[in-house]
Amino acid sequence: MIHKATRTGFLLGGVCAAALGITAANADEMPPEQSLAGLEYDLIGRDDLYSYRALESYNQAPFLDALVESGALPPVEDRLPAEPLVFKTSAMSDGIGEYGGVFRHVIGGRPEGFNWLAGQHQGWGGINMAVQECLVRQGPRWQIRAEDQTGPLPNLARSWEWNADMTELTMHLVEGVKWSDGDPFDTDDIAFWWNDNVEDENVASRIQAGSFGGGATLEIIDAYTFKFTFPSPQSETVVEGLAYIQGCPGPSHVLRDSHPTYNSDASYDDYLNAMPASDVPVPVLGAWVPVEHRPDELVILRRNPYYWKVDEAGNQLPYLNEMHFKLTTWDDRTTQAVAGTGDWSNMENPGNYVEALKQSQDEDAPVTANFGPRTLAFRIELNFAQNMADSDYDAELRGLFREHDFREALSSAIDRDALGQALARGPFAYPYMGGFASGSPYYDAASTDFTPFNQSYASELLAGLGLEDTDGNGILNLPGTGEDLVIDMTFKSQRNDDRKQVDAVTSQLAEIGIRVLPTPVDETSFDPLRNSGSFTAILQRVSFVVPTRETCGNLPTSEICPAFHLAGPDGREFLPFEAELADIVLRFNASSDAAEQAEIANRMQSILTENLYNIGLVQVPAALLVNKRVRNAHPGTPVFMYEWAEDAVIRERLWVPADLQTEELLPGTVAEY
């Protein structure tokens with residue numbers, strides 16, 4: 001039976017927040033959220049997306065024929081697993097595709113490097129997802145009907161099972177998958193990923209040491225089977241932690257020689273930079289291989305001839321030969337998508353929303369635009385690690401951050417309606433109090449503690465903490481050191497929306513005697529700085545939608561999670577509510593009952609917002625802009641739900657009709673190692 005769902009999307013309107021009634025009838029409750037327009041799409045079963053099976057014959061991109069005939073590549077059937085992943089035609093909105101062509105991206109990021117095992121990103125905007133494959137998959141779950149939402153989808157791990165008391169998880173890899181250089185993928189790569197990255201405290205893995213399942217251990221059973229053993233019962237939820245960007249193995253046959261465990265002459269810095277952004281190609285399991293990187297200009301990816309997924313006609317995927325990632329700005333991504341010179345944009349920059357919507361609604365526009373729910377939120381993270389402060393001033397300031405009244409004063413001093421209108425005029429922004437974004441399936445307004453805008457109350461709270469302007473310069477002085485209360489606020493310099501929020505917050509906090517010193521940092525440096533705890537406060541955009549994604553960045557699950565409250569050399573002193581919060585994470589992961597999980601999530605939301613773990617600002621929706629020439633971009637795909645749209649849309653299935661394909665920069669090229 002086909003199930004219908006409503007995919008929320010905005011109606012364009014030139015109305016202001018006040019006209020929409022975005023004020024609370026009761027000042028202690030979340031204001032009513034504006035109703036959204038609906039877009040219907042079909043929901044399917046999880047088994048309707050794809051399966052693993054052998055087909056009678058296989059086909060490849062035509063330009064690979066000559067390479068096979070010359071002996072440069074093995075025949076396609078020898079490059080595929082015995083039972084490849086097969087995408088089902090019935091789940092494709094435009095069906096089986098045509099080979100060839102280019103997919104044109106525009107991004108604002110810059111590749112750090114290609115050692116994602118050590119935490120490096122590849123510039124975001126889709127490059128990471130084009131080169132990485134993970135044990136399980138989350139993105140396409142947005143299309144699955146509710147009764148089949150029993151956990152993540154299979155990927156490199158084609159199946160798994162639990163023991164009776166849910167303390168042992170055995171996973172089975174697809175047999176015969178190969179890296180893009182032809183090297184076999186097997187449990188050697190799993191052991192290296194886990195033992196020498198996840199559990200090595202000197203490596204900044206996306207899964208922090210000891211955090212997965214409360215301290216899981218790994219056992220390799222054979223070349224394609226491995227087992228996790230947990231110290232306490234878990235649930236299927238824990239498997240979600242093995243999806244992008246966390247459970248993605250890297251090429252151990254390349255990286256091992258640079259790891260200090262295997263090379264006494266190597267350092268961990270050597271290992272981090274073992275696959276630099278400038279040194280391409282690198283072996284990947286993804287559909288495309290990076291073959292050229294022109295700094296601040298372009299990254300070019302070409303099809304992976306060993307890619308391990310096919311369609312039901314036996315066509316080896318991907319359909320597209322080439323991907324371009326033009327390196328400019330995030331705002332330019334939207335501009336070029338609307339103009340038709342880019343094929344895709346997660347339109348996340350609210351300043352462009354109104355104009356982009358107007359242009360895309362023209363029947364001759366080259367793109368379609370669909371808004372989704374509010375899943376993008378801005379927040380301020382305060383550094384609570386007082387025992388890691390490197391001066392008396394920092395120690396006193398972080399001590400203030402640990403005071404609930406101080407955090408409540410900051411939150412009360414912020415006019416969120418004004419912040420929202422600074423981002424984009426109209427009905428786009430909605431107050432955010434921390435915790436889950438309102439577009440999350442776990443969001444509950446009744447469990448969300450709302451802080452109304454009241455600067456007089458904020459000043460009363462600050463005075464109660466002994467903060468006074470003792471030297472008459474308009475800035476409050478700390479009662480201990482006597483210095484001005486100045487908060488260095490780090491933000492990503494390339495993101496204009498972050499800068500707008502910082503500017504607005506700076507102005508509003510100045511009105512209660514707190515000086516904010518904006519500290520811009522480029523995107524390449526931002527993650528290392530944040531992960532090391534080397535900041536006073538950070539303002540950034542986050543997508544906290546499900547408790548199992550980027551858990552370490554949001555919740556206290558280990559000594560280095562989250563980065564705004566690291567454990568110092570003498571350990572970590574939890575804030576009064578953090579121990580319960582850490583316990584709730586374990587309870588959520590151990591539950592297999594959806595109703596119980598929802599109840600646990602409601603308690604999590606209450607703790608996060610009542611205690612102002614972060615200072616929430618505003619939350620906004622995003623829109624997916626896709627060029628009309630692109631096929632199989634399933635209608636209704638959200639920009640972010642279980643994962644970003646680059647995963648949700650299943651890009652290896654995207655195709656462009658031959659008469660609409662654009663010229664390839666490197667036609668006929670296959671990565672040479």
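This is a predicted model: local features need pLDDT of at least 70, side-chain atom pairs count only at pLDDT 80 or more; totals for chains, interfaces and linings use all residues.
User: What are the ground rules here?
Analyst: Local features need pLDDT of at least 70 and side-chain atom pairs count only at pLDDT 80 or more, while totals for chains, interfaces and linings use all residues. Residues are numbered from 1 along each chain as its sequence is written, and side-chain values use heavy atoms, with hydrogens and water left out.

User: Which residues of helix H14 are buried?
Analyst: Buried means under 20% relative accessible area (1.4 Å probe, protein chains only). In H14, residues 523-531, Glu 523, Phe 526, Asp 527 and Arg 530 are the buried ones.

User: Why are the buried residues of H14 said to line one face of the helix?
Analyst: The arc is that of the directions from the helix axis to the C-beta atoms. Down the axis of H14 the buried residues fall within 85°, so they line one face.

User: What makes Asp 522 and Thr 524 a polar contact?
Analyst: A polar contact is a pair of N or O atoms within 3.5 Å, and within protein one must be able to donate a hydrogen and the other to accept it. A side-chain oxygen of Asp 522 comes within 3.0 Å of the backbone nitrogen of Thr 524, at the start of H14.

User: Why are strands E5 and E12 called edges?
Analyst: Two strands pair if DSSP finds at least two bridges between them. In the open sheet E5-E15-E13-E12, E5 and E12 each have a single partner strand, so one side of each is left without a neighbour in the sheet. E5 pairs with E15 in the parallel sense over 6 bridges.

Conventions
Buried means under 20% relative accessible area, exposed over 50%, partly exposed in between (1.4 Å probe, protein chains only). Helices (H or I, at least four residues) and strands (E, at least two) are DSSP runs, numbered from the N terminus.
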